[in-house]
Amino acid sequence: MLRNDILQYVYAGLFAVALVLGLYEVEVIASGAAGLSALNVSLAASTLFLLGTVLLLGPLSRLFNRFDWALKYRKEVGIMSFFTGFLHVYLVMFPLARNGPWGLYSSRPWSAYPGLEALIVLFVLLIISNRYATLALGAKLWWQLQYWGARIAFALIAFHMVVLKQKTIMSWLIPGDVPVTPGVVHYPPLIIWEAQFVLLILVIRLSELLGAKAARVITIVTSVSLLLMMAWAMFLR
Ligand code: HEM
């Protein structure tokens with residue numbers, strides 16, 4: 001039992017590290033600059049993807065049996081999202097800070113505070129992610145805290161990134177706004193992948209309101225459309 005628990009943390013940890021490294025490579029290609037700044041963006045994006053995965057696993061396993069095996073990793077993947085989020089906040093508040101640790105809170109309050117609140121929610125979820133907390137709080141309250149905590153943290157992160165990066169998102173949506181060289185692959189900045197992922201989660205969760213059959217079709221169509229849109233942005237436009 002204990003061995004299985006530890007193994008689940010190891011697998012979730014390896015998944016998180018692979019995600020951070022993979023997204024770091026994408027960010028380096030997209031921005032053309034390696035270093036701490038690219039690592040920071042990759043940690044921020046990984047937090048969003050890890051927490052989004054936690055939210056997606058429920059509906060995906062309800063709609064498609066093939067995702068059932070992954071459900072048991074939800075808690076561990078959620079915990080990893082706290083650590084990547086913590087490293088992102090540490091980097092922006094200390095090594096990368098231009099005006100001291102609190103500079104961003106006065107210059108960009110509408111994005112910095114929601115980001116900090118998201119980290120605090122993830123911290124609370126981390127603290128109560130153990131058997132003692134489940135016993136002390138009671139299974140029902142514990143489950144409600146986890147359920148709403150993950151959703152509130154995700155909404156705060158989505159708000160944080162859209163407020164910060166709305167110009168980049170808009171310029172990718174408007175054809176002609178991004179300078180293109182014919183025959184060259186244009187890697188969209190990570191924020192475009194992130195924005196699409198947030199959209200995908202919203203669509204999949206809302207589609208469940210229409211019943212399982214419709215939700216399955218909507219999930220497949222939306223996933224394929226987003227992939228095609230990305231391929232168009234990278235190779236064709
Ligand atoms: C758990 C907490 C947080 C998460 C998950 C998070 C997530 C994100 C995401 C997804 C992005 C967009 C990355 C991209 O450009 O692709 C981002 C960017 C950014 N965040 Fe956060 N954030 C958090 C907390 C904070 C806090 C508290 C601050 C400020 C003190 C902050 C400052 C920034 C800055 C400055 C950027 C722009 C980075 C760049 O473009 O180089 N974040 N964050």
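Guide: pLDDT is the predictor's confidence in each residue, on a scale from 0 to 100. The term is needed here, as this is a predicted model.

Visitor: What does the chain average on that scale?

Guide: The average pLDDT of the chain is 92, and 94% of the residues score at least 70.

Visitor: And where is confidence lowest, and where highest?

Guide: Confidence is lowest in helix H9, residues 212-236, with a mean of 90. It is highest in H5, at 98.

Visitor: Let us turn to the ligand. How many residues surround it, and which are the closest?

Guide: The ligand is surrounded by 27 residues. The closest are Ala44, Thr47, Gly85, Gly115 and Leu190.

Visitor: Which helices each supply at least two residues of that shell?

Guide: They are H2 (36-63), H3 (74-93), H5 (109-127), H7 (139-173) and H8. The largest share, seven residues, comes from H2.

Visitor: How do the shell residues divide into nonpolar, polar and charged?

Guide: The shell around the ligand has 18 nonpolar residues, seven polar ones and two charged ones.

Visitor: H7 and H8 were both on that list. At what angle do their axes cross?

Guide: Two packed helices are described by the angle between their axes and the distance between the axes. The axes of H7 and H8 cross at roughly 115° and come within 9 Å. Their crossing is left-handed.

Visitor: Which residues meet there?

Guide: From H7, the residues are Ala158, Met161, Lys165, Thr168, Ile169 and Trp172. They meet Ile191, Ile192, Glu194, Ala195 and Val198 of H8. The residues of this contact divide into eight nonpolar, one polar and two charged.

Visitor: Take valine 198, then. Where does it lie?

Guide: Valine 198 lies in helix H8, which covers residues 190-207.

Visitor: Why does valine 198 count as partly exposed?

Guide: Valine 198 has 18 other C-beta atoms within 10 Å.

Visitor: What separates the C-alpha atoms of valine 198 and threonine 84?

Guide: These C-alpha atoms are separated by 18 Å, while the residues are 114 apart along the chain.

Visitor: Now the tryptophans. Where is tryptophan 110, and is it buried or exposed?

Guide: Tryptophan 110 is found in helix H5. It counts as exposed because it has 10 C-beta neighbours inside 10 Å.

Notes:
Residues are numbered from 1 along each chain as its sequence is written. This is a predicted model: local features need pLDDT of at least 70, side-chain atom pairs count only at pLDDT 80 or more; totals for chains, interfaces and linings use all residues. Helices (H or I, at least four residues) and strands (E, at least two) are DSSP runs, numbered from the N terminus. A residue is buried if 20 or more other C-beta atoms lie within 10 Å of its own, exposed if 12 or fewer, and partly exposed in between; C-beta atoms are placed from the backbone. A residue is near a molecule or strand if its C-beta atom, placed from the backbone, lies within 6 Å of it. Ala, Val, Leu, Ile, Met, Phe, Trp, Tyr, Cys and Pro count as nonpolar, Asp, Glu, Lys and Arg as charged, and the others, Gly among them, as polar. Axes are lines fitted to C-alpha atoms, for helices over the stretch in contact, and angles run from 0 to 180 degrees between N-to-C directions. A crossing is left-handed if the near helix is turned anticlockwise from the far one by less than a right angle, and right-handed if clockwise. Two residues are in contact if their C-beta atoms, placed from the backbone, lie within 7 Å.
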